[in-house]
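Here are my notes on this one, jotted down as numbered points. Have the viewer open while you read.

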Amino acid sequence: MFKPTLECLNADVTTWEIGPYYSALPGPMKLKLRLDGEIIISGQVETGFLHRGLEKAFELNSWNSSIIYADHLDSEGAVFGELAVCLAAEEIAGISPPPRAQAIRLILSELTRISCHLNYAVKIGRAVGSETFTHYVLRDREKLLDLFELLTGARFSLSFLRFGGVKADVTEGFIERVIETCDLLRVRLKEYNDLLTFNQVFLKRTSGVGQISKEQVMRWGITGPNARASGVSFDIRKTHPYSEFEKVDFHVPVSNSKGTHGGDAHDRFLIRLLEIEQSLEMLKVFADKIPSGPFLETKSGSDFKVPRGEGWIRIESSRGFLGCYLMSDGGLSPSRVQFRTPTSSNLLVIPEVVVGLKIEDLPLVLASLDLNIAEADR
Amino acid sequence: MNLESISTISWISLMQDQLGTSSWRIALFGLSLIYGLIILPTGAVMSYLERKLRADFHARIGPSRAGHAGIFQPLADTLKLLQKEKYSRSTWTEMLWIGFYTMAFYSIVAVMPLGSIALLVNTDMSAFLPFWAALVLAFGTMVFGLSQDSVPGWFGGVRVAAQALAGAFPAIVAILCVGLQAGGFSWSSMAAVQGASPFSWTVANPFELIAFFAFVGGGMILLGIPPLDTGLSMPDIHGGVISSLYGKRYSLFRFSRFYGFFLWSVIAVTMFLGAWILPFGLSEILRLQERFILLGSLELLWILLKTVLLMLVVSSVAQVVPRGRVDHVTDFSWKVLSPFSLLALIGYTVWIGLRTFL
């Protein structure tokens with residue numbers, strides 16, 4: 001029997017294919033939308049346009065080069081990729097970085113988390129057309145990039161971590177600048193809240209928009225701030241501590257919004273601001289108590305080898321659970337590297353979360369999911 | 001203040017007496033003067049001030065290269081935009097759109113109240129004519145959006161139309177409110193009931209104050225002035241009509257939007273903020289001395305100053321408020337501005353009734 005399609009029955013339904021290269025998308029990806037007027041009735045995501053064979057590249061290059069390649073997993077949060085690879089290799093080789101190196105790594109990773117969350121706030125600001133807020137946040141993020149530059153000599157793609165420690169000791173005045181920046185950002189957070197977070201127009205734009213339920217979080221393996229915004233208290237730093245996070249006393253902010261607005265775009269924005277606050281606290285404590293001693297256990301030359309074995313490491317990146325599986329056959333390069341990236345899970349929820357949205361909210365919801373296509377496509 | 005003392009003296013008849021030439025030539029000359037010497041320079045000044053203001057909000061420097069402190073930036077931008085686009089054959093829909101825009105432009109100039117001397121049209125229905133212009137402008141934008149043959153264009157076009165309808169209602173009720181006070185809808189009668197002091201402006205009355213906010217808010221929605229410009233937003237995934245504009249078309253569009261904003265602000269100043277009445281009784285003194293050119297020039301400068309200030313206040317608000325969604329904007333108009341404008345109208349009517357009978 002002839003079964004007419006929805007398009008045949010309903011003349012209002014249109015199809016709109018966006019991408020793969022489109023300014024409003026978070027990266028090269030394709031969105032196939034079906035619209036009933038301005039309402040999205042279904043959406044499909046296609047990715048893979050930014051596949052660079054990154055994991056394969058690890059296998060073709062030396063162990064030291066793998067740190068540089070790990071940078072390119074996520075250019076915004078380069079340290080997280082580096083840290084995952086270093087920890088996995090150290091697990092196989094049984095290397096234990098000195099306490100000072102652990103502290104530097106922790107400081108760097110929390111600074112990166114703040115930087116990534118600020119970048120997230122910029123994306124949200126742009127999605128709702130709040131240019132002033134965007135500039136405020138970008139101005140403050142510059143201060144963090146200055147800190148990266150002061151410590152590592154680079155603002156992005158730091159390439160600073162090494163197997164068994166870090167590339168160099170903290171530069172003169174770095175710790176003072178970290179404390180200064182933390183104090184400044186604490187003030188700025190209040191300004192952000194005044195300017196945007198609790199602005200009525202912003203609340204109206206974001207409340208109840210792009211909701212992700214706890215069930216969806218569990219079903220699609222969503223982690224990080226997106227999961228915590230939906231009320232799921234899961235943070236690798238607490239559940240599987242690494243780099244001496246077990247010695248740090250911190251709490252994990254979790255959204256307690258319930259009912260019609262739980263796990264919406266506003267929760268995801270707010271949770272990141274809370275995480276910035278929490279990271280600032282941690283930084284302040286760590287910057288004051290940075291232990292003395294060496295920053296690198298042994299310098300690894302071009303002939304550096306990791307003994308045969310395999311390692312599985314999970315860390316909490318700014319987007320969530322970043323896993324790294326590393327295999328070594330004892331040669332000059334890794335024999336297999338595979339990442340588990342948080343964006344891969346976040347992408348899976350898009351077809352569900354866009355249904356019922358107004359098309360005008362789509363950029364906001366995509367921004368609120370904090371997608372990084374580079375780490376998903378690899 | 002008596003009505004006769006500030007009644008308008010048509011600049012056409014003044015010049016006709018002095019030059020002895022036909023009125024249509026003088027009108028054409030006057031229109032060109034208004035365009036060339038008032039609207040274009042004000043557009044450039046406003047564009048510069050707005051960019052500097054925005055830069056201040058963003059903690060940036062803003063325009064700084066073209067001329068001293070970047071003062072020639074608007075000129076540089078216009079020249080750049082005009083050179084950007086190669087000649088291409090226009091479609092009939094684009095021509096239709098340009099036609100609507102042109103109509104809106106001329107009508108705007110014709111009804112613009114720029115002082116008691118520089119009034120071209122001062123009929124009993126003058127205050128309603130800008131609505132026609134603004135609606136034509138919105139209609140032109142809608143046609144343009146629909147002619148783009150793209151999903152963002154269609155959305156943008158329909159949204160502009162929805163906003164225009166939603167914004168027009170509270171604004172027109174606000175005009176009725178002012179008309180009640182002035183006893184008519186001509187610019188001169190609206191100016192006549194006001195004085196130079198802010199306490200004698202129309203807006204000093206609480207009901208008129210509500211009407212003022214309804215008028216400005218309604219106008220912002222009707223004309224798509226930021227942050228209520230969702231139908232015109234730049235990122236095309238939002239569905240804005242200007243996402244595919246560039247070069248000459250973009251400069252024409254920007255210019256028309258400035259016109260709309262400027263017109264609305266001039267009218268708001270005329271109706272609510274003391275019109276062109278000069279402080280210290282200068283209007284009456286100069287009129288008695290029959291120094292009409294000086295009077296016209298000072299009135300023009302005074303009303304332009306107030307207009308630019310109002311526009312800057314609106315622009316400042318736009319810098320700190322995120323852009324609303326189109327249904328939020330229309331809801332705001334229908335559910336907030338419209339009831340408040342009706343409240344102002346009813347309240348003022350009762351106020352007049354009580355004043356008359358008690």
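1. Start with helix α9 of chain B, residues 247-272. With 26 residues, α9(B) reaches 37 Å from its first C-alpha to its last, close to the 38 Å expected at 1.5 Å a residue. After α9(B) comes G274(B), with a positive phi near 85 degrees. Keep in mind that this is a predicted model.

2. The rest of chain B is helical in its secondary structure too: twelve helices and zero strands. Of its 358 residues, 44% count as buried. If you take the contacts in chain B between residues at least 6 apart in sequence, 78% of them join residues at least 24 apart.

3. Over in chain A, have a look at α6, residues 131-152. The length checks out here as well: 22 residues at 1.5 Å each should span 32 Å, and the end C-alpha atoms of α6(A) are 31 Å apart, which agrees. G153(A) follows α6(A), and its phi is positive, near 90 degrees.

4. Which helix does α6(A) pack against at an angle of about 170 degrees? The partner is α7 of chain A (residues 174-197), and the two axes are 11 Å apart. Since angles over 145 degrees count as roughly antiparallel, that is the label for α6(A) and α7(A). Their crossing is left-handed.

5. On the α6(A) side, residues making this contact include F133(A), Y136(A), V137(A), L144(A) and L147(A). From α7(A), the contributors include F174(A), V178(A), L184(A), L185(A) and Y192(A). Charged residues join in as well: the contact has 14 nonpolar, two polar and five charged residues.

6. Finally, the interface between the chains: 26 residues of chain A are in contact with 23 residues of chain B. On the chain A side, β1 (13-18), α6, α7, α8 (200-206) and α15 (362-368) each supply at least two residues. That side divides into eleven nonpolar, seven polar and eight charged residues.

Methods
Residues are numbered from 1 along each chain as its sequence is written. Chains are lettered from A and ligands numbered from 1 in the order in which they are written. This is a predicted model: local features need pLDDT of at least 70, side-chain atom pairs count only at pLDDT 80 or more; totals for chains, interfaces and linings use all residues. Axes are lines fitted to C-alpha atoms, for helices over the stretch in contact, and angles run from 0 to 180 degrees between N-to-C directions. Helices (H or I, at least four residues) and strands (E, at least two) are DSSP runs, numbered from the N terminus. Angles under 35 degrees count as roughly parallel, over 145 as roughly antiparallel, 65 to 115 as roughly perpendicular and the rest as oblique. A crossing is left-handed if the near helix is turned anticlockwise from the far one by less than a right angle, and right-handed if clockwise. Two residues are in contact if their C-beta atoms, placed from the backbone, lie within 7 Å. Ala, Val, Leu, Ile, Met, Phe, Trp, Tyr, Cys and Pro count as nonpolar, Asp, Glu, Lys and Arg as charged, and the others, Gly among them, as polar. The expected span of a helix is 1.5 Å times one less than its number of residues. A residue is buried if 20 or more other C-beta atoms lie within 10 Å of its own, exposed if 12 or fewer, and partly exposed in between; C-beta atoms are placed from the backbone.
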